[in-house]
Amino acid sequence: MTLFASLFSSGKDRKDSIRGNYKPKKKHPAGSSRYTLRQSLKNNLAGGTLIKDSVICPEGEDENEWIAMNTIECYNTMNMCYSFIQEFCTENSCPQMTGAKATYLWTDGKGKPQELSAPKYIDNLTNWINDQIDNPSVFPVDDSDFPKNFRSVISKIISRMLRVYAHIYHAHWDHVKNLKVDKHTNTSLKHLQYFAEHFNLIGEKDISVMKHVFDTL
Ligand SMILES: [Zn+2]
């Protein structure tokens, strides 16, 4: 099994290597098209398909369903990558949400942007993404249409996921290396990058913030 394919397995080995507070999104319901698409992604990867080819929507499939499924998968792997180093990311060690190129302020779109510690920021961020994924008017669970702003919501989700990676690479890379999860982390980010680039779901600003990391993957 390739390294990337192993990210999609839920076997004992992976569970044992996961630390911290890993809470994956519920699985795609059996029988749903997202479930079938995930199986197809998993089978391709187990068969050795390259990551950059694996993000292409299979012919005849609904592109929005494919994007929805990949977004949830990227969210789960991002959560897993953060859980590896979560015990080192505390109010004391990370009083600010730092990346290499920026310190991020949290905004819920209502009040003034707030400076939060990285763990609090990431907690808010994952709750926000969870809310989007659980909202059937954004991620339809039956045959309903996807909303008109679906891709702009996905872009926002991706932009926020990239901030978690920005923090991991900037503040916790030594921890990642010591735990020997650097390949998993790089592979997870690479999937997110190829997926986002393929469907134009990543803005110039996010690319420039992450370019120094993307270039090393
Ligand atoms: Zn941290």
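Among the contacts in the protein chain with a separation of 6 or more, 76% join residues 24 or more positions apart. Please keep in mind that you are looking at a predicted model. The protein chain has 217 residues, and 33% of them are buried. Its elements are 10 helices and two strands, and from the N terminus on they follow the order α-α-α-α-α-β-β-α-α-α-α-α.

Is Ala-68 buried or exposed? Ala-68 counts as buried because 22 other C-beta atoms lie within 10 Å, and the cut-off for that label is 20 or more. Leaving aside residues up to four places away in sequence, Ala-68 touches Arg-34 and Phe-139.

Now let your eye move from α5 to helix α7, residues 150-171, where the two axes come within 11 Å and cross at roughly 20°. Since angles under 35 degrees count as roughly parallel, α5 is roughly parallel to α7. The crossing of these two helices is left-handed. On the α5 side the contact includes Asn-64, Ile-67, Thr-71 and Cys-74, while the α7 side includes Phe-150, Ile-154, Ile-157 and Met-161. Sorted by kind, the residues of this contact are 14 nonpolar, two polar and no charged. If you wonder about the spacing of such names along a helix, an α-helix has 3.6 residues a turn, so residues three or four places apart point the same way.

Helix α5 has another partner to visit, α9. Here the helices pack at an angle of about 155°, with axes 10 Å apart. That angle is over 145 degrees, which means that α5 and α9 are roughly antiparallel. Their crossing is left-handed. The α5 residues taking part are Asn-70, Cys-74, Thr-77, Met-78 and Cys-81, and they meet His-184, Thr-185, Ser-188, His-191, Leu-192 and Phe-195 of α9. How do the residues of this contact divide into nonpolar, polar and charged? There are five nonpolar, six polar and no charged ones.

Buried residues of α9 include Thr-187, Leu-189, Gln-193, Tyr-194 and Ala-196.

The loops on either side of α9 are worth a look too. Most residues other than glycine have a negative phi. Lys-180, in the loop between α8 (173-178) and α9, has a positive phi near 60°. Lys-180 counts as exposed because it has 10 C-beta neighbours inside 10 Å, where the limit is 12 or fewer. After α9 comes Asn-200, whose phi is also positive, near 50°. Asn-200 sits in the loop between α9 and α10 (204-214), and with 9 other C-beta atoms within 10 Å, Asn-200 is exposed.

Key
Residues are numbered from 1 along each chain as its sequence is written. This is a predicted model: local features need pLDDT of at least 70, side-chain atom pairs count only at pLDDT 80 or more; totals for chains, interfaces and linings use all residues. Helices (H or I, at least four residues) and strands (E, at least two) are DSSP runs, numbered from the N terminus. Two residues are in contact if their C-beta atoms, placed from the backbone, lie within 7 Å. Axes are lines fitted to C-alpha atoms, for helices over the stretch in contact, and angles run from 0 to 180 degrees between N-to-C directions. Angles under 35 degrees count as roughly parallel, over 145 as roughly antiparallel, 65 to 115 as roughly perpendicular and the rest as oblique. A crossing is left-handed if the near helix is turned anticlockwise from the far one by less than a right angle, and right-handed if clockwise. Ala, Val, Leu, Ile, Met, Phe, Trp, Tyr, Cys and Pro count as nonpolar, Asp, Glu, Lys and Arg as charged, and the others, Gly among them, as polar.
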